[in-house]
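Have a go at each task before reading its solution.

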Amino acid sequence: MATLLTPAAAADRTGVSLDTLRYYEREGLIGPIRRSPGGRREYTEDDVFWIGLVTCFRDAGLGIADLREFVTILRAEHSAQDRVAFLRERRAALEQRVAALSRAMEVLDDKIAYYS
């Protein structure tokens, strides 16, 4: 039998709050989450994987609209090419952010050196 996690255990495993789990489900980014006969959410390992993926993408700067679009691409009959194109576009934007952050760090390092 597959391991089922309570919402608290899923939150603990993924490092997100219970509110975030509910928000991701409400937005359609994860799930549908199965329910026990008593109506409590039960998270599977697959759910934990998806929560981790969504959290990683959020940490990378993707907005909720981007995540919804990606989930739609995954769940619909889109080609692998569509999925790769989406991910490449987001990766390019992330590379630009990394470059901008690197430049900012260089300026900060120069100022630290100047004032030290």
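**Exercise 1.** Leaving aside its neighbours within four places in sequence, which residues is Glu42 in contact with?

*Solution.* Start with the ground rules. This is a predicted model, where local features need pLDDT of at least 70 and side-chain atom pairs count only at pLDDT 80 or more, while totals for chains, interfaces and linings use all residues. Residues are numbered from 1 along each chain as its sequence is written, and side-chain values use heavy atoms, with hydrogens and water left out.

Next, locate the residue: Glu42 lies in strand β2 (residues 41-42). Helices (H or I, at least four residues) and strands (E, at least two) are DSSP runs, numbered from the N terminus.

Now list the contacts, meaning heavy atoms within 4.5 Å. Beyond those sequence neighbours, Glu42 touches Leu4, Leu5, Ile33, Arg34, Arg35, Ser36 and Asp47.

Finally, check the burial. Buried means under 20% relative accessible area, exposed over 50%, and partly exposed in between (1.4 Å probe, protein chains only). With a relative accessible area of 17%, Glu42 is buried.

**Exercise 2.** Work out where the buried residues of α2 fall around its axis.

*Solution.* First pick out the buried residues of α2: Leu21, Tyr24 and Glu25. Then look down the axis of α2, taking the directions from the helix axis to the C-beta atoms. The buried residues fall within an arc of 100 degrees, so they line one face of the helix.

As for partners, the buried residues of α2 pack against α1, β1 (34-35), β2 and α3. To finish, step past the helix: α2 is followed by Gly28, which has a positive phi near 80 degrees.

**Exercise 3.** Classify the ring pairs Tyr23 with Tyr24 and Phe70 with Phe86.

*Solution.* Recall the cut-offs: rings of Phe, Tyr and Trp (its six-membered ring) pair if their centres lie within 6.5 Å; planes under 30 degrees apart count as stacked, over 60 as edge-to-face and the rest as tilted. The structure holds 5 aromatic pairs. For Tyr23 and Tyr24, the centres are 6.4 Å apart and the planes are at 45 degrees, so this pair is tilted. Tyr23 is partly exposed, at 28% relative accessible area, whereas Tyr24 is buried at 6%.

For Phe70 and Phe86, the centres are 5.2 Å apart and the planes at 20 degrees, so the pair is stacked. This pair links distant parts of the chain, with Phe70 in helix α4 (residues 64-75) and Phe86 in helix α5 (residues 80-115), 16 residues apart. Both Phe70 and Phe86 are buried, and together with Phe57 they form one aromatic cluster.
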